[in-house]
Amino acid sequence: MSELSERLAELLEQSVARCVEGEDVAIAFSGGIDSSLVAALASRHARSVRLYTVGTRGSHDVDVARETAPLLGLDLTVVELPDDEIVENLRSQMSITGTDSPLTLAFEMPLFCVMRNCTESIILGGQGADELFAGYSKYIGMKDLQMRDEMAKDLAKLYTHTKAHEAAMGRHFGKTVRYAFLDKEIVALSRNAPTEVLRPIDEDVRKKLLSDAAHDLGYDFLVDRKKKAAQYGSGTMDAVRRICRERGTTYNELVAELKKSLKG
């Protein structure tokens, strides 16, 4: 599509190859373009690849993953997330990682469940794509400097907070998370790309540069894969809110209660 998208395609395949060459690999899979593209490239280089999708019954991610997995020619394991496991999953995450951020705990629950259920020791996902290629809805309509500043802040949070949280979970379960999108050359490409190339147009046209790279790699069928944030696409946040309503409490209060019980 362009020299920039062709270069991104080249760098991403190289990065995925370094992450998975000769390995048995689990993909934390939402069915969106980020994890789908990583999965497609991993299948070219890994010894084996299995997709793992976590969600409540009828959740967006489970439905989309079941549609997308056959297109990739990869086996899919769906890990159902019943309501009666939600609170204990939150408690376990807090105990393992020391994290008490309600948003982080909800966002990371799918990966927590992948780690607990997969047999592979290496896990890949789409982390970093939204931060590098302006995938979040909040970027829509921002002025150039504001968008760049927010992208930088979000990327810094991924490095300092998200990776630490995931590393703690990985140590507990004996898993290693690798981050194909965080290759230093891909990060540099994003930082040096013209802002107008990265700018999302609307809810339906985001991460255009990444979509163009998918086209260059021969994966046109991934370009229209829609993605929701993990806590929403998996149904985790809806389940948490439902449980909190039944308990007559708020999510923040539930997390505070769990934190107190762990200290006791």
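Q: Which residue is the bridge partner of Val54 in strand 3?
A: Strands are DSSP runs of E with at least two residues, helices are runs of H or I with at least four, and both are numbered from the N terminus. Two strands pair if DSSP finds at least two bridges between them. Here, Val54 has Val79 as its bridge partner in strand 3. This is a predicted model, where local features need pLDDT of at least 70, side-chain atom pairs count only at pLDDT 80 or more, and totals for chains, interfaces and linings use all residues. Residues are numbered from 1 along each chain as its sequence is written, and side-chain values use heavy atoms, leaving out hydrogens and water.

Q: How many bridges join strand 2 to strand 3?
A: There are 6 bridges, and the two strands (strand 3 is residues 75–80) run parallel.

Q: Why is strand 2 largely enclosed?
A: Buried means under 20% relative accessible area, exposed over 50%, and partly exposed in between (1.4 Å probe, protein chains only). In strand 2 (residues 48–55), 6 of the 8 residues are buried, so the rest of the structure largely encloses this strand.

Q: Where does helix 3 bend?
A: A bend is the angle between axes fitted to the seven residues ending at a residue and the seven starting there. Helix 3 bends by about 25° at Arg66, and Pro70 follows within four residues. Its buried residues include Asp61, Val64 and Leu72. Just after the helix, Gly73 has a positive phi of about 70°.
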